[in-house]
Amino acid sequence: MPEIKVTPLGAGQDVGRSCILVSIAGKNVMLDCGMHMGYNDDRRFPDFSYITQNGRLTDFLDCVIISHFHLDHCGALPYFSEMVGYDGPIYMTHPTKAICPILLEDYRKITVDKKGETNFFTSQMIKDCMKKVVAVHLHQTVQVDEELEIKAYYAGHVLGAAMFQIKVGCESVVYTVSIHNNMYRNLHLLLRVAAWIDKCRPDLLISESTYATTIRDSKRCRERDFLKKVHETVERGGKVLIPVFALGRAQELCILLETFWERMNLKAPIYFSTGLTEKANHYYKLFITWTNQKIRKTFVQRNMFEFKHIKAFDRAFADNPGPMVVFATPGMLHAGQSLQIFRKWAGNEKNMVIMPGYCVQGTVGHKILSGQRKLEMEGRQIVSFLLSKDDHFGKGGGGSKCFLIQEACAFFSLQLEVKMQVEYMSFSAHADAKGIMQLIRQAEPRNVLLVHGEAKKMEFLKQKIEQEFHVNCYMPANGETTTIFTNPSIPVDISLGLLKRETAIGLLPDVKKPKLMHGTLIMKDNSFRLVSPEQALKELGLAEHQLRFTCRVHIQDLRKEHETVLRVYNHLKAVLKDYSVQHLPDGSITVESILIQATAHSEDQGTKVLLVSWTYQDEELGSYLTSLLKKGLPQSTS
C-alpha cells in the first residue's frame with residue numbers, strides 16, 4: 001500500500017527550527033530549514049543526520065522548499081547547503097528570495113561579529129546558497145522532475161509567505177506555515193486578502209500550531225489596548241521598548257502609532273532601528289502586488305512608510321532623559337539592539353516592554369513573559385594589555401625592551417533585575433486555533449500532522465481536529481517518523497459514447513449507488529480514459545481478438561449425441577424465453593453469443609460432455625447456463 005513518511009528534524013513538538021523531511025512516492029522533500037533562537041550550541045540547527053547516514057544529501061533529496069523569510073524557517077539554509085553540503089534546487093517565492101539574504105546577513109553579524117562565535121556560515125556562503133534558489137510565482141505549478149511537482153498558494157503571515165502543495169502522481173501533501181484569515185488576521189494594514197487554498201483534498205496537511213489553544217480577540221480591541229498602554233507609559237514619563245522583527249508586524253505597529261500620534265498631537269519621540277523602514281519601503285514597493293488594495297492606492301499618492309512622527313534611532317538616544325518609544329530588532333530579545341536597550345531600561349519601573357509576538361523557550365523574551373524578574377545576562381568585553389620582551393643587539397649585549405599590545409575577549413555574567421513593566425500583546429501573524437480549523441475545512445485533507453507548537457497545546461488541538469473532522473491527526477517529536485498509508489483515488493475520464501451506451505441499457509448515474517461499467521482502459525500521458533472496445537481498437541489501430549471461456553458439463557444420457565443436443569435445446573428454449581436460442585445445422589446450440597456443443601465421453605458411452613463457451617460480455621449468462629445444465633435435464637424432455 002502506498003505510504004507517506006514524515007520526520008521532523010526540527011519543530012517537532014517544539015517552536016522554532018522548522019525543518020520537515022517528507023518522503024512521498026519515492027521522492028524526498030525537505031520543508032524549511034530554520035534555526036532555534038533559544039540555543040547557541042549545536043541544537044540551534046536541525047539534525048540533518050536523520051536525512052541520510054551514507055552518501056551526499058543532494059543524491060537523497062529531490063528539493064528543498066522554504067515557506068517564508070523568518071529565521072526559524074530559513075536561518076540554517078546557508079549552513080545546510082554550504083557547510084553540510086547540498087547542491088540541489090531550493091524553492092521559495094520572489095519576495096522570500098529577496099529578503100532572506102538580508103536577514104541571514106544580520107543574523108550572521110550578530111552571531112559572529114558581535115558574539116564572536118566560530119564554525120558559522122560566512123557572507124560568501126549566503127551568496128552561494130542563494131544562487132541555488134529557484135523563485136516561484138503564486139499558483140504556478142513547478143515541475144521539479146518528471147514525477148514531482150509543487151505549487152505555491154498565498155498564505156498571508158508575512159510578505160512572500162506561501163503554502164506549498166507537493167504532488168507525485170495521485171498522492172499529495174500540503175505544507176502550510178502560520179496563515180492569517182479574514183476575522184483574525186493581524187497584517188490587515190499591509191497584506192492582501194486572507195490565506196486561500198482550493199479544495200485540493202490532499203492525503204496529508206502539515207500545519208504549524210504555534211497558537212494551538214488560542215482564539216484571539218478582535219484585532220481592533222488589541223490595537224486599542226496597545227495604544228492605550230503606550231500612551232499611559234509616555235504620559236508618566238516612561239520609555240516603551242517594542243522588540244520586533246524587521247518586516248511585517250513592525251510596519252503595522254508603526255502605522256498604528258503614526259496615526260495615533262497625529263490624532264492625539266503627542267510630542268514624545270518614536271524611533272525605529274536604523275534601516276528598518278528603508279528596507280520595508282523598498283520591499284513593499286518592489287512586491288506591491290502582495291499588499292492590500294488600500295496600500296496599493298496609497299503608494300500612488302504618497303509613500304505609506306514616510307512617517308512624520310517616527311525617526312531613525314541612534315544608540316546614544318537610549319540614554320536620553322524623558323519618554324520615548326523605540327522599535328528595535330530582533331523580536332525575542334535574544335540578541336542585537338533590542339537586547340542592548342532592554343538592559344539599559346529594565347531597572348526603571350516607569351518603563352515598559354511590549355512583546356508583540358511569540359517568544360521561544362531560552363530567549364530573554366520568553367523568560368520575562370514567564371514571570372522571571374532576575375536574569376543572568378552574558379557580557380563580552382575587549383581587554384587590552386602589554387607584553388614586554390627583551391631584545392639584544394650585537395655581541396656586547398646592549399639591547400632594548402620591546403612592548404607588544406595584545407587584545408583578548410573576556411566573557412562575564414551579571415544579574416539583571418527587571419523592574420520595568422512587561423506586557424504581552426499578540427500581534428503575531430501566526431494563525432490561531434480557529435484559523436487552523438478553517439484551513440482544514442477549506443482543503444479537506446485525509447490526514448493532518450501538526451508541527452511548530454508546544455506538545456501540550458498540540459495535543460489539545462489534535463483531539464479537537466479528530467473530533468470535528470473525523471480524520472487522523474499526528475504530532476511527531478523531532479527525529480520521530482510518522483508513516484501514513486494512503487489510498488490514492490485515480491481519476492478516469494469516461495468517453496461520452498460509452499456513457500450513452502450504458503445509459504441506454506438502464507445504468508443511469510447515481511452518486512449513492514456506484515455502477516460497474518465495462519470498457520477498455522487506455523493510459524496515455526499519465527492520464528486514464530475508459531472507452532468502448534470498438535473505440536479503443538479504432539484509436540490504437542488494432543484488430544479484434546475474441547477471448548472465450550469454456551466449461552465442461554457432464555450429463556448422464558444413454559441417447560445418441562444428436563438426441564442429447566435436441567433435449568438440451570428444448571430445455572433451454574422452455575427456460576430462456578427472453579433469449580435467442582438457436583439449433584444450428586452443425587448440431588451446436590447458441591444462446592446469444594454462448595455456444596454449446598455435445599460429445600460422447602471417451603470412456604463412458606452413457607455420459608455426454610457439453611462444452612459451454614462464452615465471451616466476457618456474456619459472463620453472467622454463461623455462468624447461469626452452466627449452473628442450469630449441471631442440474632441435469634428433465635425426464636420429459638425429448
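This is a predicted model: local features need pLDDT of at least 70, side-chain atom pairs count only at pLDDT 80 or more; totals for chains, interfaces and linings use all residues.
Numbering runs from 1 along each chain as its sequence is written, and side-chain values use heavy atoms, with hydrogens and water left out.

Next I looked up burial. Of the 638 residues in the protein, 50% are buried, meaning under 20% relative accessible area with a 1.4 Å probe, protein chains only.

Then I went for the nonpolar cores (buried Ala, Val, Leu, Ile, Met, Phe, Trp, Tyr and Cys joined through side-chain atoms within 4.5 Å). The largest has 121 residues, and Met-30, Phe-80, Ile-206, Phe-342, Ile-368 and Ile-465 have the most contacts inside it. I checked Ile-368: leaving out residues up to four places away in sequence, its partners include Leu-333, Phe-342, Val-353 and Arg-373.

Last, a helix pair (helices are DSSP runs of H or I, at least four residues, numbered from the N terminus). The axes of α12 (residues 433-443) and α13 (residues 455-469) come within 11 Å and cross at roughly 35°; axes are lines fitted to C-alpha atoms over the stretch in contact, with angles from 0 to 180 degrees between N-to-C directions. On the α12 side I found Ala-433, Ile-436, Met-437, Ile-440 and Arg-441, against Leu-461, Lys-464, Ile-465, Glu-468 and Phe-469 of α13.

How values were computed:
Helices (H or I, at least four residues) and strands (E, at least two) are DSSP runs, numbered from the N terminus. Contact means heavy atoms within 4.5 Å.
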